[in-house]
Amino acid sequence: MPFILNGTAREKAVDQDHEKATLAPKVAIEESWLSFDQPAEVLHNKVRAFAEWPGTRAKFLLSSSNGVVQTIELKIVTTRVKHLSHDTLPSGGEVSLLGDALVVPCGGEGSDGTCLEILQLQPPAKKVMSARDFCNGLRGQKLLKDINGTRLPSAHMAA
């Protein structure tokens, strides 16, 4: 950067060796899905990397008081990493609202206590909203993280 600012960058520039250059693979939309068995830092970086296109998405389960469970896909817009002690981590895959963020435990068994805090999200066919506004609209339903490959009994699935 200093060479650019003082005007000597052109003199110090080195031509690229085209034989050593490689092409990056095209980004696939499937890469933008979040899997909460990964560390929170990896997921946070993925949200930032895919911010413009295609955006990151995650599947969650909505559980109502009468036992009906349905899957919801959310676009995750803004996140941060949170370190919690093991006694304050949400249990059983439950996603909880702490302050202004949805807290999702990450990393699976033996994780280091990191969580992904979701600050802004976009439900299907809705505008981007804060995590708090989303939780206010749940009206008593519980939000659970959907573990990849989760299979629920068909009698409990909502149509």
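Is Asp 100 buried, partly exposed or exposed? Asp 100 is partly exposed, with a relative accessible area of 42%, where buried means under 20%, exposed means over 50%, and partly exposed lies in between, using a 1.4 Å probe and protein chains only.

Before I go on, a word on the model. This is a predicted model, in which local features need pLDDT of at least 70 and side-chain atom pairs count only at pLDDT 80 or more, while totals for chains, interfaces and linings use all residues. Residues are numbered from 1 along each chain as its sequence is written, and side-chain values use heavy atoms, with hydrogens and water left out. The pLDDT, which is the predictor's confidence in each residue from 0 to 100, averages 84 for the protein chain, and 85% of the residues score at least 70. Over residues 149-159, however, pLDDT stays under 50, and for this stretch the model has twelve contacts beyond four places in sequence, a contact being heavy atoms within 4.5 Å.

Back to Asp 100, then. Its side chain meets that of Arg 80 in a salt bridge at 3.1 Å, N to O, the rule being a side-chain nitrogen of Lys or Arg within 4 Å of a carboxyl oxygen of Asp or Glu. Asp 100 sits in the loop between strand E3 (96-98) and strand E4 (101-105), whereas Arg 80 is in strand E2, 20 residues apart; strands here are DSSP runs of at least two residues, numbered from the N terminus.

The side chain of Arg 80 also meets that of Glu 117 in a salt bridge, at 2.3 Å, N to O. Because Glu 117 lies in strand E5 (residues 114-122) and Arg 80 in strand E2, the pair ties together parts that are 37 residues apart in sequence. Glu 117 is buried at 4% relative accessible area, while Arg 80 is partly exposed at 34%. The count comes to two salt bridges, and Arg 80, Asp 100 and Glu 117 are linked in a network.

Strand E2 (residues 69-83) also pairs with E1, in the antiparallel sense and over eight bridges, where pairing requires that DSSP find at least two bridges between the strands. Lys 59 stands opposite Glu 73 in E2, and in the hairpin of E1 and E2, with five residues between the strands, Gly 67 takes a positive phi near 90°. On E1 (residues 56-63), six of the eight residues are buried. E1 is also joined by four bridges to strand E7 (residues 142-145), again antiparallel, with Leu 144 in E7 as the bridge partner of Leu 61.
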